[in-house]
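Welcome, and please take a moment with the sequence and the fold before reading on.

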Amino acid sequence: MSVTDTTPVNRTAVPGPATPYQGDIARYWDHEARPVNLRLGDVDGLYHHHYGIGEVDQAALGAPDDSEREKKLVTELHRLESAQTDVLLDSLGDIRPEHTLVDAGCGRGGSMVMAHQRFGCKVEGVTLSAKQAEFGNRRAKELGIDDSVHAQVRNMLDMPFGTGTVRGSWNNESSMYVDLHDLFAEHSRILSVGGRYVTITGCWNPIYGQPSKWVSQINAHFECNIHSRREYLRAMADNRLVPNAVVDLTAATLPYWELRATVPSLVTGIEEAFINSYKDGSFQYLLIAADRV
């Protein structure tokens, strides 16, 4: 399967309390079409906007002179990024078909599709990018699940869901684009008491002292503002989200990055910053799951 992202960019203003910065982010993702995101999604039609975890299956890569070597590398990278989504979904707790889940910063919708396939429930997504939302909705329709999986152009700080109506919500590598107190206040609002929030994110390590030069490069590359681990935990505590798990995935994500750096057609120039910052301890890849109390 191969899907070319030719979705026209919708110029409609972003609803809610948008800022000039949010407008810049919407434009950034409306025009983003990196081969790494589309080619990995072409493997099985699940289009993600995050990275991978787990050990590389070397046997699946074939011999170095294999004519299908690059195709096999792409397939393995995609397996690792879907494995990351599985770990996130594992952390949502007891989700039933009658529940509603929310993916804040849903990208092209791969995680939403996986969530619906696993739990059979309704999954709503929000993104600042009209292009991403339209792509994700088109894929849901192609899969025949558009009555249960839906993305819309909305600000994750002002989500169109009623107070206490959502059982589980998450940010998968999207929380670095917003103020954490504002973000967690909104997740706390939409979640029912006992509902669960999960994030997987890169964060700078406060033990290092300050964001390293590698973290600064990542910020500049993605036009984002990476937060520290301490900021996540403090903002959750201030917004009735009590962590039940904090899992360091740094060692688990390194194989993904080291493998990706070997595929010239997918390299974006940011691989070195991720690999070096994970190795020197200035950057961490964390999963945090928290219950709404």
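C203 is buried, with a relative accessible area of 0%; buried means under 20% relative accessible area, exposed over 50%, and partly exposed in between, for a 1.4 Å probe and protein chains only. C203 is in no disulfide, and the nearest cysteine sulfur, that of C224, is 12 Å away. A disulfide here is a pair of cysteine sulfur atoms within 2.5 Å, and by this rule the count comes to 0 disulfides. C106 is in no disulfide either, with the nearest cysteine sulfur, that of C121, 15 Å away. C106 is buried too, at a relative accessible area of 7%.

A word on the basis: this is a predicted model, where local features need pLDDT of at least 70 and side-chain atom pairs count only at pLDDT 80 or more, while totals for chains, interfaces and linings use all residues. Residues are numbered from 1 along each chain as its sequence is written, and side-chain values use heavy atoms, with hydrogens and water left out.

## Helix α4

Helices (H or I, at least four residues) and strands (E, at least two) are DSSP runs, numbered from the N terminus. Helix α4 (residues 110-119) is mostly covered, with 8 of its 10 residues buried: G110, S111, M112, V113, M114, A115, H116 and F119. Their cover includes helices α3 (69-90) and α5 (130-143), along with strands β1 (100-104), β2 (122-127), β3 (149-153) and β4 (166-172). Just after α4, G120 takes a positive phi of about 75°.

## Helix α9 and its partners

How do α3 and α9 pack? Their axes are 10 Å apart, at an angle of about 155°. Axes are lines fitted to C-alpha atoms, for helices over the stretch in contact, and angles run from 0 to 180 degrees between N-to-C directions. α3 and α9 are therefore roughly antiparallel to each other, a term for angles over 145 degrees. On the α3 side, L73, E76, L77 and L80 make the contact (heavy atoms within 4.5 Å), and on the α9 side Y256, L259 and R260 do.

Helix α9 (residues 250-260) also packs with helix α10 (residues 271-280): their axes come within 10 Å and cross at roughly 150°. α9 and α10 are therefore roughly antiparallel to each other. T250, T253, L254, W257, E258 and R260 in α9 meet E271, F274, I275, Y278 and K279 in α10.

Definitions and conventions: Angles under 35 degrees count as roughly parallel, over 145 as roughly antiparallel, 65 to 115 as roughly perpendicular and the rest as oblique.
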